[in-house]
Amino acid sequence: MYARVKLCGGRGTIKKLRAQSCSINQCHVDSTEPKPFENIPGPRSLPVIGTLYKYLPFIGEYNFTKLHINGLLKKKQYGPLVREEIVPGQSVVWVFRPEDIAEIFKAEAGLHPKRRSHLALLKYRKDRSNVYNTGGLLPTNGTEWWRLRREFQKVLSKPRNVVDYLEDTDAVVQEFVQLCSREKPDDFLPLFSRLFLELTCLVAFDVKMRSLSEEEKHPHSRSSRLIEAAFTTNSVILKLDNGPMLWRFFETPLYQKLRKAQNYMEEVALQMVTQKNRDALICRKQSLLKEYLKNEALDIKDIVGMACDMLLAGVDTTTYSTSFALYHLAINPAVQEKLRSEAAALLPDPMSPITTEILRNATYVKAAIKETFRLNPISVGIGRILQTDVVLSGYRVPKGVVYLCL
């Protein structure tokens with residue numbers, strides 16, 4: 001995720017905007033000659049600053065940290081297809097109509113997806129070619145992206161990697177539950193971050209960080225610094241990717257934050273990869289990292305990039321998804337009770353270990369998780385760069401345009 005999301009508040013605003021946008025933005029597309037791209041409605045772009053003035057604090061109507069609200073406001077005001085130039089000369093098209101989204105996916109059939117994302121992270125890694133081969137899975141495109149995804153997915157899709165660490169994962173979660181019972185915090189987000197950092201490092205690297213221990217709760221501990229580095233990276237990326245991008249020519253204060261955060265994540269990732277490579281014969285279990293080190297299609301630079309991506313994406317995403325799941329359960333007591341009943345039936349003794357059989361039969365738990373992802377997806381939308389001309393809502397959109405599907 002790019003930025004922290006408040007779990008409560010603003011629901012009335014969102015519902016009102018959604019209702020209004022649905023009522024006034026019915027789209028009729030005829031079969032006449034497509035209208036010019038320049039005629040797509042959208043906020044006015046000014047010379048030099050584009051539409052950045054609309055994102056300024058206090059005076060702007062949009063907010064980079066609330067893309068879902070931005071989308072609803074734009075759909076309400078301009079319709080199901082909106083053109084915007086946040087930076088002059090660089091058009092971004094917001095796509096809301098399902099039929100248009102289907103056309104976009106059909107247009108890229110047989111092609112590797114092309115995206116404009118995490119540009120500052122791409123620069124950071126390209127500047128450090130002694131450590132990385134590519135920008136990693138997030139900013140890389142084309143055949144190089146497919147090479148990385150294909151090799152990394154081979155391991156991630158193996159159920160055995162979940163089963164092998166089930167006992168260890170259960171022990172960490174038990175420790176987390178006991179910690180919550182003792183401390184009863186008002187804000188669970190910091191504890192969730194520690195929980196998922198611990199689980200990510202356990203399954204991905206076969207490393208026990210002890211993130212929930214008192215020593216690791218110190219602000220200068222390894223786990224605290226990793227969590228802070230992940231949150232810092234995710235919070236500055238969106239601002240760096242949009243705007244004048246002066247960081248391409250000299251180090252801006254925001255890019256400096258990214259560099260320092262990535263320096264630390266890279267340092268930890270290098271330690272883990274080097275140690276695991278050295279101790280390959282004495283690994284406790286078949287971790288993701290061990291599998292990657294045995295893959296001849298990957299070299300050590302690819303694996304270091306993967307390790308950094310795991311640390312970056314493994315904490316923030318799961319932390320907020322779990323928070324949203326608990327939030328929805330809290331405001332739906334009937335669902336919460338049904339979930340509790342299933343858990344009690346599958347696990348009469350709360351202290352008994354979780355087994356593969358229990359996970360297989362936890363159907364309502366799986367349904368609750370899927371519904372959470374539907375209501376609060378990890379990503380606010382899907383971004384792509386068009387690789388061929390398409391017609392959307394009666395407008396011809398040329399190749400090379402960046403679009404966001406919400």
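Predicted model: local features only at pLDDT ≥ 70, side-chain atom pairs only at ≥ 80, totals over all residues.
Figure 1. Helix α4 covers residues 119-126, and its buried residues are A120, L121, L122, Y124 and R125. An α-helix has 3.6 residues a turn, so residues three or four places apart point the same way.

**Figure 2. An aromatic pair between helices α9 and α12.** The view shows F231 and Y320, whose rings form an edge-to-face pair. Their centres are 6.5 Å apart, and the angle between the planes is 75°. F231 belongs to helix α9 and Y320 to helix α12, so the pair ties together parts that lie 89 residues apart in sequence. Both F231 and Y320 are buried.

Figure 3. The model has eleven aromatic pairs. In the pair shown here, the ring centres of F152 and Y292 are 4.8 Å apart and the planes stand at 70°, so the pair is edge-to-face; the cut-off for this class is over 60 degrees. F152 sits in helix α5 (residues 142-156) and Y292 in helix α11 (residues 288-294), so that distant parts of the chain, 140 residues apart, are linked. F152 has a relative accessibility of 4% and counts as buried. Y292, at 0%, also counts as buried.

**Figure 4. A cluster of phenylalanine rings.** The cluster consists of F176, F188, F192 and F196, which are linked by ring pairs.

Figure 5. Strand β1 spans residues 81-87, and seven of its seven residues are buried, so the strand is largely enclosed by the rest of the structure. Strand β2 (residues 90-95) runs antiparallel to β1, and five bridges join the two. Across the pair, E84 stands opposite V92 of β2. Two residues lie between the strands of this hairpin, where G89 takes a positive phi near 90°.

Figure 6. V365, I369, F373 and I378 make a nonpolar surface patch of about 310 Å². I378 is placed in the loop between α15 (363-375) and β3 (382-385). The relative accessibility of I378 is 40%, so this residue counts as partly exposed; that class lies between the cut-offs of 20% for buried and 50% for exposed.

Notes:
Residues numbered from 1 in each chain as written. Heavy atoms only, no water. Buried < 20%, exposed > 50% of the residue type's maximum accessible area, 1.4 Å probe, protein only. Helix = DSSP H or I, 4+ residues; strand = E, 2+ residues; numbered from the N terminus. Pairing = 2+ DSSP bridges. Patch = residues over 30% accessible without salt bridge, like charges linked within 9 Å, V, L, I, M, F, W, Y side chains within 5 Å. Areas by Shrake-Rupley, 256 points an atom, 1.4 Å probe, with all protein chains shown as cover. Salt bridge = Lys/Arg side-chain N within 4 Å of Asp/Glu carboxyl O. Phe/Tyr/Trp six-rings, centres within 6.5 Å; stacked < 30°, edge-to-face > 60°.
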